[in-house]
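I opened my notebook to look up a few things in this structure. Come along and check each entry with me.

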Amino acid sequence: MERVVVVGAGLAGLRTVIALRDLGYAGELTMLGAEPYAPYDRPPLSKAILVGKSDGSSLPFDPAGLKVDFRAAVRATGLREGTLETDAGDLGYDGLILATGAEPVRLPGEGARYLRTRDDALALRAALVPDASVVIVGAGWIGAEVATAARGHGCRVTVVEQASTPVSHALPPEVARHLAPWYAEAGAELLLGERVAAVHPDAVDLADGRRLAADVVVVGVGVRPATGWLTGSGLDLAGGVAVGADLRASLPGVLAVGDVAARWSPRYDARIRGEHWDDALRGPLVAATNLAGGDATYDPVPYVWSEQFGRMVQYAGLSAAGARWVWRGDPSADARWSVFSLTLDNRIAALLAVDQPRDFVQGRRLADSGAVIDPVLLANPTVSVKMSVAGSAE
Ligand SMILES: Cc1cc2nc3c(=O)[nH]c(=O)nc-3n(C[C@H](O)[C@H](O)[C@H](O)COP(=O)(O)OP(=O)(O)OC[C@H]3O[C@@H](n4cnc5c(N)ncnc54)[C@H](O)[C@@H]3O)c2cc1C
């Protein structure tokens with residue numbers, strides 16, 4: 001292999017470049033990214049830039065040291081066998097890594113704000129002035145973080161969510177309902193069960209005909225993989241770039257990592273797309289290994305965190321419908337708590353921790369290993385999570 005091209009210069013693209021060089025790949029290496037910036041990190045967009053703690057979130061990047069031909073503000077536009085088409089001309093490759101990430105799902109209407117890029121974050125921060133009225137559509141991870149930042153700037157905040165609880169895409173109502181009071185405690189209004197028909201720069205139209213006027217409208221209703229440019233390439237694009245647990249896509253020499261990849265998970269016997277930082281961090285080593293002819297597998301328990309309303313919220317796994325939840329602590333009384341979803345045979349399918357990092361680290365490890373848990377021990381907050389493995393207390 002002599003020519004490798006990495007498309008997308010986010011965390012996944014950068015980590016792929018680093019991994020290829022670490023593994024000894026010595027051929028030509030090109031990384032292109034549509035944005036006019038060197039790689040930067042996205043979680044700090046809402047957690048640091050939006051709240052005013054910093055202006056940037058650049059990732060350490062040394063193009064000369066990595067011997068990578070980095071092309072900023074170059075967009076890939078198409079793919080045919082062995083050739084990548086870009087708005088700056090064609091590029092040949094022997095190996096191609098797709099790391100184009102995801103883009104926000106857009107709602108009908110023009111002029112609302114979305115939060116995905118550094119430019120989005122800086123522009124939104126400038127609009128979050130004291131007493132501005134801010135309507136946020138979506139009470140998921142991003143909506144909650146934008147609400148946190150907006151309240152921090154003294155804005156009047158309303159969050160509109162079509163589901164009956166926040167974070168409904170990841171958490172069942174019996175767990176997610178405990179996140180709802182955080183909004184009112186922080187001085188934000190949370191409107192649940194309200195469908196939005198259209199968004200405008202200064203208003204949100206609800207499906208029932210009501211209109212919420214606002215100085216700032218922000219939409220955070222999820223993302224979709226940035227695969228539009230791959231239509232017609234012959235790649236399998238089932239819910240993202242469809243890849244196996246080896247991160248190989250359906251065309252020879254093509255792999256995908258990060259938010260754009262819809263990976264087959266033997267662990268869950270399902271295709272999953274993480275949309276989480278951890279996948280962009282850890283998947284690239286597997287992709288680079290396999291591009292270099294290796295046989296590595298990427299199949300971790302998905303992990304995401306969120307910093308909202310002064311709390312550190314960590315979630316790992318996939319909770320199954322009808323799962324049994326075991327609580328450590330009482331969310332209506334305790335500031336810190338965690339909750340675990342157990343499979344029928346008492347393995348941890350998913351866990352959520354609120355300001356309980358130790359429970360989380362130990363529980364994530366047990367979820368990953370598939371250890372069988374004793375639910376009675378797990379529910380006892382005086383016993384550490386790692387000691388709740390069935391038989392470990394005997
Ligand atoms: C505000 C915010 C907060 C977040 N907070 C968290 C968090 O707390 N925890 C967590 O787990 N995750 C969080 N995430 C998600 C996390 O940031 C992503 O999972 C991660 O950035 C994915 O990395 P990536 O490299 O796959 O994609 P991206 O970061 O999206 O990078 C892809 C890059 O490819 C470029 N690109 C797209 N199309 C093309 C093309 N055709 N040609 C060339 N370049 C292209 C894009 O412009 C982009 O720069 C957050 C995301 C946002 C937006």
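I looked up S341 and found 0% relative accessibility, so S341 counts as buried (under 20% relative accessible area; exposed is over 50%, partly exposed in between, with a 1.4 Å probe and protein chains only). S341 lies in strand β25, residues 337-342. Helices (H or I, at least four residues) and strands (E, at least two) are DSSP runs, numbered from the N terminus. Leaving aside neighbours within four places in sequence, S341 is in contact (heavy atoms within 4.5 Å) with S319, A323, R324, W325, R347, I348, A349 and A350.

A note on my source: this is a predicted model, where local features need pLDDT of at least 70, side-chain atom pairs count only at pLDDT 80 or more, and totals for chains, interfaces and linings use all residues. Residues are numbered from 1 along each chain as its sequence is written, and side-chain values use heavy atoms, leaving out hydrogens and water.

Next I turned to the ligand. Which residues are closest to the ligand? I noted E35, R42, K47, R116 and D259, among 34 residues that surround the ligand (one heavy atom within 4 Å). A polar side-chain atom of R42 lies 2.5 Å from an oxygen atom of the ligand, and one of E35 lies 2.7 Å from a ligand oxygen. The helix α2 supplies the largest share of the shell, 4 residues.

Last, I traced a sheet. Its 5 strands form an open sheet in the order β9-β16-β10-β11-β12, with parallel pairing (strands pair if DSSP finds at least two bridges between them). I found the edge strands to be β9 (113-114) and β12 (189-192), each pairing on one side only.

Methods
A polar contact is a pair of N or O atoms within 3.5 Å; within protein, one must be able to donate a hydrogen and the other to accept it, and residues adjacent in sequence count only if both atoms are side-chain atoms.
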